Amino acid sequence: MKTCTKCGAKPVIIHRKASGQMLCKECFIESTTDKVLKSIRKNKLIEKGDKVAVALSGGKDSVMLLDILNSLYKRNIIDIVAITIDEGIEGYRKHGVEIAARNAKKLGVDHKIVPIKDYFGKNLDEIMLDDAREHGACTYCGVFRRWIINKIAREEGATKIATGHNLDDETQAILMNYLEGNIDNLTRIGMKSEPKSDKFTVKIKPLREIPEKEIGLYVVARELDVHFDECPYSKESFRGEVGRFIKELSVDHPTIMYSTLRGFDKIKPVLKKEFSGKKVDMGQCIRCGEPSSHELCRACLFYKKINNEE
């Protein structure tokens, strides 16, 4: 029987091909938690006294994130508010919202559940049924989710917004933007955002260096309440295609995601210096008052079109 690299005796639940480590359940949980907390310290993602708004979907990534940040909450280092967006996806979202609520209640964390329809007049399913729509589901969902989370976080007095983006998500974003030639987006990818307006709350990604597979194993090992359902709209996205490509590569090249991330982090300063472009004056959207470099922010532009406003 294989034995744990750290404690030497217990049954192994994971063989990390990238590092060669073999870990038992207890050592895997401890190692993963330490890795996330070390990343938070090293990159100064959170400071004592911060109020962190956790984007909590009820999926494995956000539930793991809340579980680890709760260790800082229990030590009175930070305060936490959890925000769950209800996109209105039949057969998918209701389950996630219920699980998110149970996790927040279990930890005694303040929890806000916000339907997209409350702010934008239609839920995601209704938008996708409209033949006049101009974008895919992920575009509408991403724009509306970011708008709502930033607004609620600011109203709650949060100083940071923490999202559950993992290593797979980040390498997908890097490769997608390389393939699309979107250099401007590449300059914004990273562990911590650099807001152009005081009305944008700083966003952090504490799970950025944790592979999706290990997050799945962590929540199972910790026996956390999560839903593993896949969003029905994810298969139609370009991100989904890129994700499948990276997974296939990772079978024979287990370090490919880490090397993609490390290589990108090395060239990012050069990209920012050479391609950050001219500075944009950040004003306010004339409809919602949120920060915008144009007369209307992108969320309000979408709102007008999906609600047939001139």
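Modeller: Here is a walk through the salt bridges, pair by pair. Keep in mind that this is a predicted model, where local features need pLDDT of at least 70, side-chain atom pairs count only at pLDDT 80 or more, and totals for chains, interfaces and linings use all residues. Residues are numbered from 1 along each chain as its sequence is written, and side-chain values use heavy atoms, with hydrogens and water left out.

The general idea is simple: side chains of opposite charge can pair when their charged atoms come close. A salt bridge here is a side-chain nitrogen of Lys or Arg within 4 Å of a carboxyl oxygen of Asp or Glu. The structure holds 23 of them.

Let's start inside one helix. Helices (H or I, at least four residues) and strands (E, at least two) are DSSP runs, numbered from the N terminus. An α-helix has 3.6 residues a turn, so residues three or four places apart point the same way. Glu155 and Lys151 form a salt bridge, with their closest N and O atoms 3.4 Å apart. Lys151 counts as buried because its relative accessibility is 16%; buried means under 20% relative accessible area, exposed over 50%, and partly exposed in between (1.4 Å probe, protein chains only). Just after helix 6, Gly157 takes a positive phi of about 75°.

Other pairs reach across the chain. Lys247 and Asp168 meet through their side chains in a salt bridge of 3.8 Å, N to O. This pair links distant parts of the chain, with Lys247 in helix 10 (residues 238-252) and Asp168 in helix 7, 79 residues apart. Lys247 is partly exposed at 44%, whereas Asp168 is buried at 7%. Both belong to a network of salt bridges that also links Lys60, Asp61 and Glu212.

Now for Asp265, whose salt bridge with Arg208 has its closest N and O atoms 2.9 Å apart. Here too distant parts are linked: Asp265 is in helix 11 (residues 256-275), and Arg208 is in the loop between strand 7 (202-204) and helix 9 (212-221), 57 residues apart. Asp265 is partly exposed at 31%, while Arg208 is buried at 2%.
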